Amino acid sequence: MQSILISGGNSGIGLQAAREFLARGHRVTLLGRDARKGEKALASLADARDRASFHAVDLSTHAGVRDAAQQVLAVHDRFDAVLHSTGVFTSKDIRTTDGLHPFFTVNYLSRYHLTQLMLPALRRAERPRVVMMTAKVPLSTPVDLSVFPRLEPFDFTRMRLPVQVANHHYAAHLADTEPSLLAGVVNAGAARTDILRMTPWYVRTMAKAAGPVFFDSLETSAHNVVEACLRQDWPAATYWDKPGDFDRRMPIDLDKATTGQLMTVSRDITGA
Ligand SMILES: NC(=O)c1ccc[n+]([C@@H]2O[C@H](COP(=O)([O-])OP(=O)(O)OC[C@H]3O[C@@H](n4cnc5c(N)ncnc54)[C@H](OP(=O)(O)O)[C@@H]3O)[C@@H](O)[C@H]2O)c1
C-alpha cells in the first residue's frame, strides 16, 4: 500500500486521482482550503474513507504551507508520492498576506515550499515521486526573473505561462538534487471542475456552453497524474503534455541558470 499526499485533493482532478488511488488499494491524505468540501469529499469515498484523511489548510501563504506540513508530518513520517493539484484561476491583481499573487503562490510556490518540507518524509520511500499539475505550457516559455516573485502589476496574459513553467524548473531541480526521486509535470487539459470559480460570470457561462464539446472527462485529466504517482518506470524530470496518454511524454530540459535563479528566489522567500 502506497501513501500519497494530494494538495487540492478535496475537489476536481485531485479528488478524482484520490478515488483512483483508493480503488487500487492505496492510502491518501487530502489537503484543501474549504473544510466543508473536504468533509463532503471524504463522505463520497464510501468504504475507502478509512484509508483517507483531510486537512483544511491555506496553501496561498508561507505560514499556511508551514502549518500544512506540520499537520501532515504529525501523522505521517513517510510518503511515496506527493501530487500537487491546487490551483486558482484569476486575472485580478489581488494579494495574499505575504504581498504575493495567489496565482503565483497556489499554482507554483506552494508546490516548491510544501515539497521542500516533505522531503524528509519522501526520502523514506525507496523511489519517491513528486507530480505537479499545470495547464499546457511550452517548455520554451521564457521566465523574466526581474518580475519574480512580486509580479507587479499582475498581468495574467503575460504571467500565466512563466508562473506555470516554474513547476517544470522545480521538477528539473529535484531531478538534479534528489537522485532517488522522480519529479514530473502533467498538463491537466480542460476539465469541468471548480477551477473557474473566481472568474467573471460570462467566462463560466461560456465554459458551460462549450463544455460538452471541448472538455476532457475527469478520468482523462487525472490519468497521467495517477500513472506518474504510482509507477516508477519513468525518467525524472518528465512532462506529459497530452491528457490521457501516459506514453506521450518529453524530458524537461531547461536552461540551468534560469532554474538555479528561480530556486534561489523560491528559497529566499520561503526559507525552505
Ligand atoms: N480544470 C481545467 O480545465 C484545468 C486547466 C488547466 C490547469 N488546471 C490545473 O489542474 C489542477 C486541478 O484543478 P481542478 O481543475 O481540479 O480545479 P479545482 O476543482 O478548483 O481544484 C483546485 C484545488 O485547489 C485547492 N486550492 C485552491 N486554493 C487553495 C489554497 N489557498 N489552499 C489550499 N488549497 C487550495 C482547492 O481547494 P478549495 O476548493 O478548498 O479551495 C481545490 O482542491 C490545478 O492546478 C489547475 O490549475 C485545470
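Student: In what order do the strands of the open sheet stand?
Tutor: Eight strands form the open sheet, in the order S3-S2-S1-S4-S5-S6-S7-S8, and the pairing is mixed. Helices (H or I, at least four residues) and strands (E, at least two) are DSSP runs, numbered from the N terminus. Two strands pair if DSSP finds at least two bridges between them.
Student: Which strands stand at the edges?
Tutor: Strand S3 (52–56) and strand S8 (250–251) do; each has a single partner strand, so one side of each is left without a neighbour in the sheet.
Student: Before we go on, what kind of model is this, and how are residues numbered?
Tutor: This is a predicted model, in which local features need pLDDT of at least 70 and side-chain atom pairs count only at pLDDT 80 or more, while totals for chains, interfaces and linings use all residues. Residues are numbered from 1 along each chain as its sequence is written.
Student: How many bridges join S1 to S2?
Tutor: Five bridges join S1 (residues 3–7) to S2 (residues 27–32), and the two run parallel. Leu 5 stands opposite Thr 29 in S2.
Student: What about S5, is it buried or exposed?
Tutor: Six of the six residues of S5 are buried, so S5 is largely enclosed by the rest of the structure. A residue is buried if 20 or more other C-beta atoms, placed from the backbone, lie within 10 Å of its own, exposed if 12 or fewer, and partly exposed in between.
Student: Which way do its residues point?
Tutor: Arg 129, Val 131 and Met 133 point one way from S5, and Val 130, Met 132 and Thr 134 point the other way. In a regular strand the side chains alternate between the two faces of the sheet.
Student: Which strands pair with S5?
Tutor: S4 (residues 81–84) is joined to S5 by four bridges and runs parallel to it, with His 84 opposite Met 132. The chain crosses from S4 through H4 to S5 in a right-handed β-α-β crossover; right-handed means that, with the strands pointing away from the viewer, the path from the first strand over the helix to the second runs clockwise. S5 (residues 129–134) also pairs with S6 in the parallel sense, over six bridges, and Val 185 in S6 is the bridge partner of Met 132.
Student: How many residues of S6 are buried?
Tutor: Five of the six residues of S6 (residues 182–187) are buried, so S6 is largely enclosed by the rest of the structure.
Student: New topic: which residues touch the most other members of the largest nonpolar core?
Tutor: Ala 171 and Val 225 do, in a core of 72 residues. H4 gives the most to this core, with 10 residues. A nonpolar core is a set of buried Ala, Val, Leu, Ile, Met, Phe, Trp, Tyr and Cys residues joined through C-beta atoms within 7 Å.
Student: Finally, which residues are closest to the ligand?
Tutor: Gly 8, Gly 12, Asp 34, Gly 87 and Thr 193 are the closest of the 28 residues that surround the ligand; a residue is near a molecule if its C-beta atom, placed from the backbone, lies within 6 Å of it. Helix H1 (12–23) and helix H4 (102–122) each give two or more residues to this shell, and the largest share, three residues, comes from H1.
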